[in-house]
Amino acid sequence: MTPMGMHTTYTKKFIDGDPQYRYEDRFHIMFFSKPLCVKDFIDFLKVKNIKTVLEVGCSVGMFPRTFHDVCENMEYTGMDILSKCVEICKSNMELEFLCGDFIKFKSEKKFDLVYSFDVIDHVCDIDGFISNIVDVTKKYAYVNAYREDFI
């Protein structure tokens, strides 16, 4: 089953493990297509006292893999709705990764920072998404979005 709002062609190829679909390249391009946004986020992290982090929609773990020096003093948790993404993350890093629908996610643990890059554009319940971010953070929330035409 493809999560609502995701590009079904790419998602199906990704989930099916299509050898012609190079997920690393695709997610790398998506993540780094906004260099000013990434720089702003790195600058934000450098000036805040952040110890615990939850990334909502971690995908294949581009942020902790690319900026491991920024994350090395943080307790990082990544979450994604696609089990294939979580499998890839777990095979590449010894960090905590969760698979599930963030809107339904309940946690006793509160994080210093909850952040999400380009995920809010894909959720069916934006109010629930934002509300849950507020519920699981104790200091900061950092959410960016993009606008795209969906078929």
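K109 is partly exposed in this predicted model, with a relative accessible area of 29%. Its side chain meets that of E75 in a salt bridge, at 2.2 Å from N to O. The two residues come from distant parts of the chain: K109 is in the loop between strand 3 (96–99) and strand 4 (111–117), E75 is in strand 2, and 34 residues separate them. E75 counts as partly exposed as well, at 41% relative accessibility.

How many salt bridges are there by this rule? The count is three. I will take the other two in turn.

K138 pairs with D112, and here the closest N and O atoms are 3.6 Å apart. D112 is buried, because its relative accessible area is 5% and buried means under 20%.

The remaining salt bridge joins K39 and D43, with 2.7 Å between the closest N and O atoms. Both residues belong to helix 3 (residues 35–47), and they are four residues apart, about one turn of the helix.

T77 counts as buried, since its relative accessibility is 1%. Which residues does T77 touch, leaving out those up to four places away in sequence? The contacts are V53, L54, E55, E96, L98 and F111.

Last item, helix 6, which runs over residues 83–92. Its buried residues are C85, V86, I88 and C89. Viewed down the helix axis, the buried residues of helix 6 fall within an arc of 160 degrees, so they line one face of the helix. On the other side of helix 6, E87 and S91 are exposed.

To recap the pairs: K109 with E75, K138 with D112, and K39 with D43. The K39 and D43 pair lies within helix 3, while K109 and E75 link distant parts of the chain.

Terms used
Residues are numbered from 1 along each chain as its sequence is written. This is a predicted model: local features need pLDDT of at least 70, side-chain atom pairs count only at pLDDT 80 or more; totals for chains, interfaces and linings use all residues. Side-chain values use heavy atoms; hydrogens and water are left out. Buried means under 20% relative accessible area, exposed over 50%, partly exposed in between (1.4 Å probe, protein chains only). The arc is that of the directions from the helix axis to the C-beta atoms. Contact means heavy atoms within 4.5 Å. A salt bridge is a side-chain nitrogen of Lys or Arg within 4 Å of a carboxyl oxygen of Asp or Glu.
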